[in-house]
Amino acid sequence: MPVHRPGPIRPRRLFLVALLLTAFSLLHPAAASAAEAPDATATPARGSAHMGMGVVAHDGQGELPAGTRASQAEGVDVASYQGNVSWSTLWNSGVRWAYTKASEGTYYRNPYFSQQYTGSYDVGMLRGAYHFATPDTSSGATQADYFVDSGGGWYGDGRTLPGTLDIEWNPYGDACFGKSQSAMVTWIRDFLNQYKARTGRNAVIYTATNWWTQCTGNYGGFSASPLWIARYASTAGTLPAGWSSYTMWQYTSSGPTVGDHDRFNGALDRVQALAGG
């Protein structure tokens with residue numbers, strides 16, 4: 001009795017499946033694009049943090065401030081994700097000071113640091129460096145040393161600003177880096193003390209009032225450090241305890257040329273005074 005041998009049907013089945021999937025994607029493009037879109041809630045890669053990374057998500061974004069650059073000198077802050085920065089464009093737009101991310105934790109140095117830090121200086125700006133703190137990975141003193149060794153020191157040339165400790169929401173996990181309020185205060189104090197021991201200058205503290213209140217208990221004992229407040233609104237708002245005024249204010253993450261723009265609480269001569277020590 002002859003045996004019936006069916007023909008090669010697998011290729012035909014695969015063709016039909018592919019045809020059906022194509023038809024579905026044409027009828028339902030939103031579903032197809034959603035399947036291909038990256039996960040917006042995914043944890044970012046270590047080293048990718050930068051000033052103000054969590055401000056919009058936690059504090060929102062309001063109107064831009066009024067006023068002129070004559071009374072508040074305009075500045076910018078940059079990190080590696082902005083790549084090579086057009087410093088001449090920023091200078092021509094009125095920007096007169098800049099901060100560049102130098103380091104994060106004890107595991108990351110900004111590969112664009114030289115172009116950004118030296119480039120701003122070369123066009124005539126006053127410049128400084130900042131360190132993105134990760135208090136869950138190593139001690140404050142250890143990170144201060146790493147920051148200074150990564151370019152975050154200070155030079156008495158009249159155009160170098162003191163280094164900044166960027167302490168804000170943790171983009172990699174728990175907002176307060178798993179620390180109690182008292183432990184966070186201790187960590188910050190250790191960083192500041194070591195930075196001053198290495199450079200002779202008080203480091204600037206960059207933070208947001210809501211984070212400071214949540215993670216330090218609104219501690220008021222660091223007023224010797226200039227305050228750089230982060231708030232994307234028409235005013236700087238309520239400041240953390242211990243400071244009656246801010247020195248710098250990051251007021252937007254959507255400015256021209258580079259997103260993060262800042263105002264100094266005073267004209268250019270006050271920026272020069274801070275650089276001079």
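## Strands β5 and β6

Strand β5 (residues 164-166) runs parallel to β6, with three bridges between them; strands are DSSP runs of E, at least two residues, numbered from the N terminus, and pairing requires at least two DSSP bridges. T164 has V204 as its bridge partner in β6. Along β6 (residues 204-207), V204 and Y206 point one way, I205 and T207 the other, and all are buried (under 20% relative accessible area, 1.4 Å probe, protein chains only).

The model is predicted: local features need pLDDT of at least 70 and side-chain atom pairs pLDDT 80 or more, while totals for chains, interfaces and linings use all residues. Residues are numbered from 1 along each chain as its sequence is written, and side-chain values use heavy atoms, without hydrogens and water.

## Nonpolar cores

The largest nonpolar core holds 55 residues, with W97, I167 and I188 having the most contacts inside it; a core joins buried Ala, Val, Leu, Ile, Met, Phe, Trp, Tyr and Cys through side-chain atoms within 4.5 Å. Helix α7 (residues 181-199) gives the largest share of this core, seven residues. Another core of nine residues lies apart from it, including W87 and M125.

Beyond neighbours within four places in sequence, I188 contacts L165, I167, W212, T216 and F222 (heavy atoms within 4.5 Å).

## Largest pocket

The largest pocket is lined by 14 residues, with D59, N210, A230, R231 and A236 nearest its centre. A pocket is an open set of points on a 1 Å grid over the protein atoms alone, where a 1.4 Å probe fits, with protein on both sides within 12 Å along at least five of seven lines; lining residues have an atom within 4 Å of a point.

Notes. Buried < 20%, exposed > 50% of the residue type's maximum accessible area, 1.4 Å probe, protein only. Helix = DSSP H or I, 4+ residues; strand = E, 2+ residues; numbered from the N terminus.
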